[in-house]
Amino acid sequence: MHVPSPPGPADSADPPPPSLSPISDGSVADSGNPSPPTMSPDSDRSVLAYAGGKNPRDVIFEAFGGERKFKRPFPPHKPYGAEFTVHRHALMRVAKKLPPHLSPEECLSFWGLEKNEATAGVFFLAENYKLILEGRMIKSTLGKKWVDSVYAGGGIQKVAGEELNEGICDGEFQGVSLRYFPVQEEIVDGIWNGNDGEKEFVNHIGTAINEWLSSRPPPQGHTRFFHGTSALAMTDIVDTGVGPSQFNYVADFGPGFYCGDKVHTTLRFANASALLAEPLADAEEGPHGARFRAAVIYFDVNDKDFDDLEKLDLDEGDEWSQFTKQCITRNGYKQVYKVGSERENLELVVGKLVHNLDGVESSQDEPEAFVDQRRQFAFRKDTAWDLLLADKTKIGVALYDIHLGPNAESNIPDAQGIHLSLPCS
């Protein structure tokens, strides 16, 4: 069957794996991101550490109901073309403009994704985003972020800390301390089916991580930042650093590497990032079903290192509202940071989180901040984000698993609640 070559210049290099922002995971990267380079049909990369070693193209085919259904929208009279890749084709599928008033789950179905083992995490996220992300989701970008997450493995042969389990909780990766927080054998069904249960889950994780951190406080004169993501993306961050390929382009303060000021600020976005990634390779063998591993990274940075940065601290008010509204509007950040403007060289932007992301992006609603005092930090330039990774002895990672087991009505994985045990000694 022939398919058309998608537009855009060919490039033989693979895009670096994206990392989800701990603050803006719900606002997953928009179509303002550079398109993935074109590759030959056989050059789609294998993700060895995830999904039992499945090739990404196999995951994509399964997600869309098979290869024939996946390619069906493309007219057969067009030449197949060497520029076609499954990755690019999938991105074209999920870029299709959405009708109004669809739920996130309906958006996935509209794009042709089917609810099955390959899409268990993203469908669960779509169904429960009001709990997991406190409503912070831009529906139009959810499909793209999931597709990119399938390809995020790249050359990563081993996910940092994947060997950690209930018996071995401490590890190290390139000088960075890792701590795994195990689960108890008992699972409480449907803990995420109600708001109180989800809060209990997050609060339990946060309490356990904070207890661990209490024994390793930041050095005097340092500020601690937190970034929530998947274990796979964490591996890439520690291994290769931070770069524009990991940015969210629709986000509160525009493109940047986002960190939070507290563990609880980042936990829900770590959960979302893990669910967008593929499950761990031994998911089918685990006692609780598919395992999605989340990571919370902390960075301790010397306060003096920030003295020379170009910073903008936005208090909630007219300036915060105007700034965030323009950044969240598709491609609006280009005007905010316009070349030659006074904001072009901003290296760090600090302020509160926007609660109603989708309404701002799709309906031009006025931004609303969360009522609490949580704050986010957008590291916009290498002079800023390089400070986070300057000393790996001042970095640590907390790892934990989200388990999806079969529900009572079907074989499709559904949420199973997990009570974390205290950190193992």
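This is a predicted model: local features need pLDDT of at least 70, side-chain atom pairs count only at pLDDT 80 or more; totals for chains, interfaces and linings use all residues.
Helix α3, residues 86-94, and helix α7, residues 142-150, have axes that come within 8 Å and cross at roughly 165 degrees. The two helices, α3 and α7, are therefore roughly antiparallel to each other. Their crossing, that of α3 and α7, is right-handed. On the side of α3, the contact is made by His87, Ala90, Leu91 and Val94. On the side of α7, Gly143, Lys144, Val147 and Asp148 take part. Sorted by class, the residues in the contact of α3 with α7 comprise four nonpolar, two polar and two charged.

Helix α7 also packs with helix α1, which spans residues 56-63. For this pair, α1 and α7, the angle is about 145 degrees and the axes are 9 Å apart. The residues of α1 that meet α7 are Pro56, Val59, Ile60 and Ala63, and their partners in α7 are Trp146, Val147 and Val150. The contact of α1 with α7 has seven nonpolar residues, with no polar and no charged residues.

Helix α5 contributes Gly121, Val122, Phe124 and Leu125 to the contact, while α10 contributes Ala272, Leu275 and Leu276. In the contact of α5 with α10, six residues are nonpolar, one is polar and none is charged.

The structure holds three cavities of 30 Å³ or more. The second largest cavity has a volume of about 40 Å³. Its lining consists of 13 residues, and those nearest the centre of the second largest cavity are Ala118, Gly121, Leu275, Ala277 and Phe292. The elements giving two or more residues to this lining are α5, residues 120-127, and α10, residues 263-276. Helix α5 supplies three residues, the largest share of the lining of the second largest cavity. By class, nine of the lining residues of the second largest cavity are nonpolar, two are polar and two are charged. Gly121 and Leu275, both named among the residues nearest the cavity centre, also belong to the contact between α5 and α10.

Technical notes
Residues are numbered from 1 along each chain as its sequence is written. Side-chain values use heavy atoms; hydrogens and water are left out. On a 1 Å grid over the protein atoms alone, a cavity is a set of points where a 1.4 Å probe fits but cannot get out, and a pocket is an open set with protein on both sides within 12 Å along at least five of seven lines; lining residues have an atom within 4 Å of a point. Grid points are joined across faces, edges and corners, and a volume is the space filled by probe spheres set on the points. Helices (H or I, at least four residues) and strands (E, at least two) are DSSP runs, numbered from the N terminus. Ala, Val, Leu, Ile, Met, Phe, Trp, Tyr, Cys and Pro count as nonpolar, Asp, Glu, Lys and Arg as charged, and the others, Gly among them, as polar. Axes are lines fitted to C-alpha atoms, for helices over the stretch in contact, and angles run from 0 to 180 degrees between N-to-C directions. Angles under 35 degrees count as roughly parallel, over 145 as roughly antiparallel, 65 to 115 as roughly perpendicular and the rest as oblique. A crossing is left-handed if the near helix is turned anticlockwise from the far one by less than a right angle, and right-handed if clockwise. Contact means heavy atoms within 4.5 Å.
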